[in-house]
Amino acid sequence: MNVRKIVTTVEEIRTEGGRPVVPAARVAVVAAVIENPWAGRGFVEDLAPGIDATASDVGALLAPAVIEALGAPVEAYGKAAIVGLDGEVEHGSALIHTLRFGDHFRKAAQATTLLPAVEKRGGPGVVFDIPLKHITDATIRSHHQTLEVSIADAPHPGEIVIALAAAAQGRPQQRLAPLTSEQ
């Protein structure tokens, strides 16, 4: 795995709707800009060798980094794969939609739900939204949230941005009724 750079963003929301958020709502994103293992090879029928060579390593790199950046227990999480213009969306999907990748984050966060994801193709600076869900119960509405991310110089045409996001809580000032109230 060839990593060009790691980008870490931490956001702390202290006021929402004109009211203080106590404690401040923290979210973190850690993204690795990596070489696309299939770039320049044309259509690759069997993606397994690239998955085997890359997915676990990038998961092992990002999972502890995003938890450390968050600086608090993880309550919500998500993932992203943004493929440069010389790749296929399937290349990003291949790396993040495998237990070899996701289990690093699930184990580190003591999570049991599937990681929500976004995959897309784009050029440097493309804006992408990472969806977040609760780590043990995807029906908990307070933790349904989205983080907007952009990396000014990534992905290059032969790269993939792989990102993990974590939140220490649900949305600031959330006040939706539980899903069970509608059943």
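Predicted model: local features only at pLDDT ≥ 70, side-chain atom pairs only at ≥ 80, totals over all residues.
Residues are numbered from 1 along each chain as its sequence is written, and side-chain values use heavy atoms, with hydrogens and water left out.

**The chain as a whole**

The secondary structure comes to 3 helices and 7 strands, where helices (H or I, at least four residues) and strands (E, at least two) are DSSP runs numbered from the N terminus. Read from the N terminus, the order of the elements is β-β-α-β-α-α-β-β-β-β. The radius of gyration, taken over C-alpha atoms, is 17 Å, close to the 16 Å that the globule rule gives for 183 residues, so the chain is as compact as a globular protein of that length; the rule itself is 2.2 Å times the number of residues to the power 0.38. Of the 183 residues, 45% are buried, a word that means under 20% relative accessible area, with exposed meaning over 50% and partly exposed in between (1.4 Å probe, protein chains only). Among contacts (heavy atoms within 4.5 Å) between residues at least 6 apart in sequence, 76% join residues at least 24 apart.

**Helices α1 and α3**

Helix α1 (residues 48-70) packs against helix α3 (residues 99-109) at an angle of about 25°, and their axes are 7 Å apart. That makes α1 roughly parallel to α3, since angles under 35 degrees count as roughly parallel, over 145 as roughly antiparallel, 65 to 115 as roughly perpendicular and the rest as oblique. Axes here are lines fitted to C-alpha atoms, for helices over the stretch in contact, and angles run from 0 to 180 degrees between N-to-C directions. The residues making the contact include Ser 56 and Ala 60 of α1, as well as Phe 101 and His 104 of α3.

**Two residues of α1**

Ser 56 lies in helix α1, and Thr 54 is found in helix α1 too. The table gives their accessibility.

| Residue | Relative accessible area | Class |
|---|---|---|
| Ser 56 | 26% | partly exposed |
| Thr 54 | 5% | buried |

Not counting residues up to four places away in sequence, Ser 56 touches Ile 51, Arg 100 and His 104, whereas Thr 54, leaving aside its neighbours within four places, is in contact with Met 1, Ile 34, Pro 37 and Leu 95. Ser 56 and Phe 101 are 45 residues apart in sequence, yet 4.7 Å apart in space, C-alpha to C-alpha.
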